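Walk me through this structure, with the cut-offs behind each geometric term. Keep it brisk.

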Amino acid sequence: MEVALRANRGLVLMRRMPCLLLVACLWLTRGIIADAAGNSSSNSSSLPSSSKLTALTIGSLLTRNSTIGKAARPAIQAAIDDVNADSSILAGTELKLLEYDTNCSGFLGTVEALQLMENDVFLAIGPQSSQIAHVISHVVNELHVPLLSFGATDPTLSSLQYPYFIRTTQSDSFQMYAIADLVEHYGWREVVAIFVDDDYGRGGVSVLGDALAKKRSKISYKAAFTPGASDSAIKELLIGVNNLESRVYVVHTNPDSGLNIFSIANNLQMMVGGYVWIATDWLPSVLDLSETVDADTMNLLQGVIALRHYTPDTSKKKSFLSRWKSLKFKTTATPNSYALYAYDSVWLAARALDTFLSEGGNISFSDDAKLVGLNRSRLSLSSLRVFDGGTRLLQILLTTNFTGLSGEIRFDRDKDLIQPAMDVLNIGGTGTRRIGYWSNYSGLSVVTPETLYDKPPNRSASSQKLYGVIWPGEMTLKPRGWVFPNNGKPLRIGVPNRVIYKQYVAKDKNPPGVKGYCIDIFESALNLLPYPVPHVYFLYGDGKSNPEYSNLVYEVAQDNFDAAVGDITIITNRTKIVDFTQPYMESGLVVVVPVKEEKSSPWAFLKPFTVPMWCVTGAFFLFVGAVVWILEHRLNPEFRGSPRRQLITIFWFSFSTMFFSHRENTVSTLGRLVLIIWLFVVLIINSSYTASLTSILTVQQLTSGIEGIDSLISSSDRIGVQQGSFAWSYLVDELNIAESRLVMLKTQEDYAAALEKGSKGGGVSAIVDELPYVELFLSSTNCAFRTVGQEFTRSGWGFAFQRDSPLAVDLSTAILQLSENGDLQRIHDKWLSQTECSAQVNAADDSRLSLNSFWGLFLVCGIACFLALTCFCCKVFSQYRRFSPGAEETEVEIEPSSTQHPPRSTSFKDLMDFVDRKEVEIKHMLKRKSSEEKRQANQSSDGHPSHSPA
């Protein structure tokens with residue numbers, strides 16, 4: 001609690017620091033402006049109208065001897081000269097510069113800024129320091145004087161609290177998001193932030209934490225040092241950082257003191273292989289000031305990745321770089337990116353002033369009533385006056401759009417420059433090498449950002465590309481990014497102290513103190529890692545009963561263990577608090593029930609077919625027999641005779657085909673076709689019947705009153721659950737089974753005894769447990785019990801680690817390697833070789849064959865019979881039409897007219913008599929009729945009438 005209170009007090013003091021600093025500055029300036037206290041005689045003053053203006057003075061705030069100031073000062077002066085040389089800007093009005101040096105001090109810089117405001121400055125370039133910008137922004141808000149800062153990159157300055165602060169460079173928030181993309185690209189999960197503890201450093205690191213969180217990464221430790229910290233303080237800080245797990249360091253500090261960090265890190269052997277150093281734009285700002293960096297400095301930075309503001313290579317930029325050496329106040333060989341932004345800031349001010357004056361704006365000031373009221377104080381604050389046109393000038397500045405040395409100068413709604421982008425640099429050898437780009441539009445790429453703006457944004461993982469990196473220690477292989485802490489503490493691993501199913505994990509008297517299937521897999525996976533993992537096992541549980549596994553996982557989440565190894569099921573609630581590896585064993589909940597052999601029934605031979613199947617099969621036997629009789633009756637004497645004999649033939653032929661023992665031969669083509677198809681159907685039916693009956697009599701001799709989880713839920717029987725298993729909470733919370741129905745079972749003997757007693761005898765009707773345990777239980781009981789139904793959950797066993805632990809990822813890869821090389825199966829066979837029981841209990845009806853399996857065969861057979869009958873009928877009717885009863889008068893006895901039937905009945909009887917005749921007789925009759933017709937035709941053609949015999 002005391003620590004929290006101190007932290008809160010520090011936060012409050014931090015927030016009040018700008019105001020306190022401002023008050024102190026005002027006290028210091030009282031001697032400077034005291035003489036002006038009594039000389040203020042007017043409430044308002046103005047410069048001559050725009051038509052009479054010959055010069056305009058703007059202010060400048062920078063630190064001349066700083067890294068940024070050395071580059072920005074000549075650039076600002078060059079921009080002033082270029083503006084004055086351009087007759088199209090400001091209509092011939094000369095632009096002058098009033099420069100103040102902030103001296104690398106927050107306090108003195110604030111004083112210098114106040115003195116600048118005392119000179120009725122209506123616009124200022126700077127400051128370059130975020131700390132000074134925070135304080136002065138409160139002043140310019142009151143005085144309505146816009147600030148164009150080319151170096152204050154603290155993201156918090158973009159807030160609505162500072163409306164008159166305009167950043168003409170890129171905010172640090174963008175490069176922090178670029179670092180987050182780099183971390184994600186290389187697969188790291190944690191970084192250590194090393195930063196200067198001021199507004200600039202804290203603001204940037206705060207955004208870095210937010211950016212990493214969106215990538216499921218984090219800052220594992222924030223290593224802050226005070227501005228101007230001694231070498232011993234930085235060394236102590238880096239020693240503490242080196243003892244941490246993460247080896248990815250993000251250095252965000254001032255350009256003037258940042259190199260000292262790498263010098264000390266090099267002495268501590270922290271610039272060797274396995275380390276990752278990422279520097280923000282401060283490092284390229286230092287290196288870019290020299291055409292060739294000295295060898296000692298480059299040796300400190302080998303393998304470092306750095307970010308630099310991206311500026312397009314335009315002709316305007318090249319022209320400026322070519323005349324750099326001839327500029328005034330130039331003290332560096334080359335400029336850095338801040339020089340380009342400073343140059344563009346002056347041009348932005350000039351263009352905005354030109355628009356402001358062309359609209360009739362007036363450079364005028366008026367007293368601030370709030371400050372005038374303080375004249376009774378010895379502080380002469382009335383010398384600070386309000387710029388009357390500040391609001392309008394601010395609007396013009398934010399809407400101005402032009403192309404400068406750094407690219408397009410245009411602001412978005414948040415007052416940030418549009419299209420922020422960074423160069424991604426790799427320092428090696430004697431210089432830097434660009435390995436790619438980052439843009440807020442498409443992330444990491446190897447092509448320039450402006451070529452991507454014409455394409456749709458693509459943030460997919462496959463599109464994020466960089467060239468190869470040479471890491472510290474001249475390594476080309478990507479560093480892992482973490483190691484085990486160098487504090488002598490091995491990995492603390494919790495292991496469940498089981499009392500049953502000890503094949504999976506159990507206590508051991510020999511080192512390492514535990515053994516089992518799960519332990520062997522874990523040790524084998526560790527051996528595949530390219531680095532050693534010191535670890536110690538701790539048993540969890542009293543050894544008298546199974547521990548609660550969810551509590552073990554919770555201990556890992558609470559940092560009481562670094563990991564948990566054992567038969568731990570991966571379920572949703574546990575994944576919310578820890579990270580699991582790839583599952584090394586499949587698992588799921590199943591239902592185990594007691595079973596008994598079913599007594600054989602005398603009617604078991606009827607079970608293979610369902611009732612509809614028996615009926616349809618019998619009907620088809622008779623139908624096919626009738627069809628074959630019809631087709632064979634006229635040709636085959638075996639199918640002729642008395643009605644009784646023919647009926648017996650139909651029945652005998654029909655059912656004898658079941659055993660392929662029919663004695664009648666078929667002689668007609670259509671009859672043989674039908675018989676072939678029917679015999680094929682009979683063959684399939686016989687084979688299926690035999691297989692099904694065999695299955696029923698020899699395999700399926702088990703019955704169970706419970707058929708699966710659904711029938712178990714609907715019943716009121718008691719259910720057994722293994723102690724410590726998640727099955728208890730699953731049945732209660734997910735399946736809404738009353739806890740009163742659940743029975744906790746501790747040993748395998750309890751399993752068997754409870755199932756044998758049954759629910760009515762004080763035991764249980766079924767046990768719900770995970771499949772790996774059930775397989776061992778069934779094997780130990782000689783398969784006296786069985787599982788019913790299917791697995792109603794799908795999960796697996798894995799190793800649990802604390803959230804965002806990199807070991808979880810590496811071990812997942814190792815487990816996949818164990819599976820691929822066969823070691824996983826060999827470990828399984830070593831510990832879990834047991835007698836396999838037969839499959840689940842299935843209902844007898846599952847083996848019965850229904851009509852659904854054979855309706856296609858019956859359909860084919862029925863169609864064949866129908867076509868054969870159709871052909872036969874067509875043939876018979878064709879013959880009957882050719883047959884005339886008049887031609888057979890000599891053979892057919894004519895009954896007396898008194899006994900004749902109606903013509904229709906006589907015709908049907910004649911047709912039936914015709915059909916019943918043998919085929920040979922029909923052919924003979926038709927042949928004789930044909931000859932008779934030919935003879936009559938010949939007599940008619942000779943002219944002799946035919947006479948009937950007398």
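**Rings, strands and charges**

The charged end of Arg-480 sits over the ring of Trp-482, 4.9 Å from the ring centre. The rule here asks for NZ of Lys or CZ of Arg within 6 Å of the ring centre and within 35 degrees of the ring normal. Arg-480 also lies over the face of Tyr-531, at 3.6 Å from the ring centre.

This is a predicted model: local features need pLDDT of at least 70, side-chain atom pairs count only at pLDDT 80 or more, and totals for chains, interfaces and linings use all residues. Residues are numbered from 1 along each chain as its sequence is written, and side-chain values use heavy atoms, with hydrogens and water left out.

Now the ring pairs. The structure holds 38 aromatic pairs. Rings of Phe, Tyr and Trp (its six-membered ring) pair if their centres lie within 6.5 Å; planes under 30 degrees apart are stacked, over 60 edge-to-face, and the rest tilted. Tyr-186 and Trp-471 pair edge-to-face, at 5.2 Å centre to centre with 85° between the planes. These two residues are 285 residues apart. Tyr-186 lies in the loop between helix H6 (172-185) and strand E7 (190-196), and Trp-471 in the loop between helix H16 (449-452) and strand E19 (491-496). Helices (H or I, at least four residues) and strands (E, at least two) are DSSP runs, numbered from the N terminus. Both Tyr-186 and Trp-471 are buried. Buried means under 20% relative accessible area, exposed over 50%, and partly exposed in between (1.4 Å probe, protein chains only). Ring pairs also build a cluster, whose members include Tyr-501, Tyr-584, Trp-797 and Phe-799.

Next, the strands. Strands of a sheet pair through backbone hydrogen bonds, either parallel or antiparallel. Two strands count as paired if DSSP finds at least two bridges between them. An open sheet of 5 strands runs in the order E3-E2-E4-E5-E6, with parallel pairing. Its edge strands are E3 (94-101) and E6 (165-167), each pairing on one side only. Strand E5 (residues 147-149) pairs with E6 over 3 bridges. Leu-147 has Phe-165 in E6 as its bridge partner.

Strand E12 (residues 364-367) is joined to strand E13 (residues 385-387) by 3 bridges, and the two run antiparallel. Phe-365 stands opposite Phe-387 in E13. Both faces of E12 are covered: Ser-364 and Ser-366 on one side, Phe-365 and Asp-367 on the other, all buried.

A salt bridge is a side-chain nitrogen of Lys or Arg within 4 Å of a carboxyl oxygen of Asp or Glu. The count comes to 26 salt bridges. In one of them, Arg-385 meets Asp-120, with the closest N and O atoms 2.4 Å apart. Arg-385 lies in strand E13 and Asp-120 in the loop between helix H4 (106-117) and strand E4 (124-125), so the pair ties together parts 265 residues apart in sequence. Arg-385 counts as buried because its relative accessibility is 14%. Asp-120, at 23%, counts as partly exposed.

Another salt bridge joins Asp-520 to Lys-830, the closest N and O atoms being 3.1 Å apart. Asp-520 is in helix H17 (residues 517-527) and Lys-830 in helix H28 (residues 823-832), 310 residues apart. Lys-830 counts as exposed, at 55% relative accessibility. Salt bridges with shared partners also join Asp-181, Glu-184, Lys-215 and Arg-459 into one network.
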